[in-house]
Amino acid sequence: MNKKVVLASAMALMALSSPVAARPATVTQDVAASPKPATDILSRMFIWWNQAFKTPGAYTAENFSKFFTPDATLVLEGRTVISGVDGWAKHFQRIQSGGGEVEIVVPFKEVFEKDGLIYNYHVIRSRRGGKAACSLAAGHAVVKDGKIASIVLVRSELDPAKGPMDPQCWTN
């Protein structure tokens, strides 16, 4: 299935399902005007993750275990890319060692919890080799016993040549 169709469907479902959504999410929404609280385990994990990216040696299985179940998975575009906290640590150690900057923007554009799931819509921004990149991501996390058991996301890279960039994106 086309990633843009999946992303659009996920965003629409989140906007319609959200009991806290006062208005539909849009690409140009000003997060500073109506930030969502960053109190859920997924938001707290990404706050840690952002700082850990800047801290060599911080991506350890022990640190991921503070947020994830031992067998936690990451599914991107329908494909499981990480299994277990050791896998989380190794995956992000590899990305961190590649240099550059990566940040998950928190608070998320949209986030809400329902029935053990945390639905989210957020910006991923990066710089590598002097070039900025930006993506929108939407999906959900499965929470078991207060920890993340799985994160499932679809992402769509934004291209400034094809339309406006989200205001949360880095441009240089």
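Reply: Happy to! Buried means under 20% relative accessible area, exposed means over 50%, and partly exposed is in between. Please keep in mind that this is a predicted model. Leaving out residues up to four places away in sequence, Val81 touches Leu74 and Leu76.

Now to the disulfide. The structure holds 1 disulfide, formed by Cys134 and Cys169, with their sulfur atoms 2.0 Å apart. Cys134 belongs to strand E6 while Cys169 is in the segment after E7, so the pair ties together parts that are 35 residues apart in sequence. The torsion about the S-S bond is about -75°, so this disulfide is left-handed. How accessible are the two partners? Cys134 has 1% relative accessibility and therefore counts as buried; Cys169, with a relative accessible area of 7%, is buried too.

The largest nonpolar core has 33 residues, and Leu42, Met45, Trp49, Phe64, Phe68, Trp88 and Ile151 have the most contacts inside it. Helix H2 gives the largest share of this core, 8 residues. A second, separate core of 8 residues includes Cys169, along with Val105, Leu136 and Leu158. In soluble globular proteins, nonpolar side chains tend to be buried together. Cys169, then, is both a partner in the disulfide and a member of the second core.

Key:
Residues are numbered from 1 along each chain as its sequence is written. This is a predicted model: local features need pLDDT of at least 70, side-chain atom pairs count only at pLDDT 80 or more; totals for chains, interfaces and linings use all residues. Side-chain values use heavy atoms; hydrogens and water are left out. Contact means heavy atoms within 4.5 Å. A nonpolar core is a set of buried Ala, Val, Leu, Ile, Met, Phe, Trp, Tyr and Cys residues joined through side-chain atoms within 4.5 Å. Buried means under 20% relative accessible area, exposed over 50%, partly exposed in between (1.4 Å probe, protein chains only). Helices (H or I, at least four residues) and strands (E, at least two) are DSSP runs, numbered from the N terminus. A disulfide is a pair of cysteine sulfur atoms within 2.5 Å.
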